[in-house]
Structures are given as C-alpha cells and as structure tokens.
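Hi,

Here is the structure I promised to pass on. Have a look at it first, and my notes follow below.

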Amino acid sequence: MRLSLGIPTAPGRRGTVWWVRAALGILGLAALGYALFGFLANVPPAQLIGVAAWLAVALLVHDGVLVPLTTLAGGGLSRLTYGLGPVQRGIVRGALLVGALMTLVAAPLIRAQQVLQPTGPGSGANSTVLQGGYVLALGVFWMVLVVAAAVAVAAVGLYGRRSKVRKTRP
C-alpha cells in the first residue's frame, strides 16, 4: 500500500518528498548507529546486563502501568469535557499533560529533599543541598496552570460564540 501526500508524481519518477524522507531516514539510522557504537565502546560489559535489565523494567512499567493509567485518564477526561469543543478539550488535555510532566520532574526532588534533609536537633542536615521549596513551587505552578487553562478555555468559548453571531444590519 502506498501513501499519497497529495503531491502528484509521474509514474516511475520519485518526487522531492521521497528523497527528503530517504535522506532523513539515512541520517537517523546513521545517528542511531553512532550512538549505539559509542554506547558499546564506553560501557563496560558488566554494566550492559544492568542496562538491559533497566530497559526491560522500563518497558514493563510503561506498557503495564503508564499506558493503562493514561488510557483510563483519557476516557475519564472525555466524559468530563463532554460539553466542550475540540479546541477547548485540547487545551484541557495539554494543560494536564504539562502539569503531569512537571509533577513527574518535581516528585523525585521533593522525595530527595525529605530524605536528605531530616529535621530536628542533631539531624546533621546539609542546608546547601536541595534548597528550593519544591512543594510550594509545584502547588503554585498547578494553580497558575489551572487558571491559565480556564482563561484559555473561556476565551475560546467566547470567541466561538461571538463568531457564530451574525449581524442583521449592515
């Protein structure tokens, strides 16, 4: 089956798009080969087993945990955003994706801060490690994100209503 991009080409003649795709494919394979060679040249054989195990666990966690959770979240989100238009649903989904990614980045920092900086007398906490208020910053980030997404959804809704109203007088 041949995919058409709407660009007519003469029979037996390859168009520019085909050549660009081929060049990008070759460039991608070359970069992949270079990275693989560098990896195998610089990682000791004993660590290759650990890397392979880590990749296998990452694959299991992704396919066994993350994909089902995001599928369920997407289904629930479809029900929650039923009355919204497609652009508004995209804004809500985009905001939730950005928030989830930021939480994923901040969660290890918050946990490390709890572990590395115990409180109390004689704790020997190092005040130079993980100085930020990560919980507060994440909370403020989510607040700003929710407000920005709500404003964007409302603006798109108002613009959509306004553009549908036709003037009856010239």
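One term before the findings: the bend at a residue is the angle between two fitted axes, one through the seven residues ending there and the other through the seven starting there. Please also keep in mind that this is a predicted model.

With that in hand, helix H3 has a kink of about 30° at Ala-106, shortly before the proline Pro-108. H3 counts 31 residues, and from its first C-alpha to its last it reaches 45 Å, close to the 45 Å expected at 1.5 Å a residue.

Which residues of H3 are buried? They are Gln-88, Val-92, Ala-95, Gly-99, Ala-106, Ile-110 and Gln-113. As background, an α-helix has 3.6 residues a turn, so residues three or four places apart point the same way.

Gln-113 counts as buried because its relative accessibility is 17%, and the cut-off for buried is under 20%. Beyond its neighbours within four places in sequence, Gln-113 is in contact with Leu-130, Gln-131, Gly-132 and Tyr-134.

Now for the protein as a whole. Its secondary structure consists of four helices and zero strands, in the order α-α-α-α along the sequence. The protein has 170 residues, and 11% of them count as buried. Its accessible surface is about 14100 Å², with 72% belonging to carbon and sulfur atoms.

Best wishes

Note on methods. Residues are numbered from 1 along each chain as its sequence is written. This is a predicted model: local features need pLDDT of at least 70, side-chain atom pairs count only at pLDDT 80 or more; totals for chains, interfaces and linings use all residues. Side-chain values use heavy atoms; hydrogens and water are left out. Helices (H or I, at least four residues) and strands (E, at least two) are DSSP runs, numbered from the N terminus. Buried means under 20% relative accessible area, exposed over 50%, partly exposed in between (1.4 Å probe, protein chains only). Accessible areas come from the Shrake-Rupley method with a 1.4 Å probe; for residues, only the protein chains shown count as cover. Contact means heavy atoms within 4.5 Å. The expected span of a helix is 1.5 Å times one less than its number of residues.
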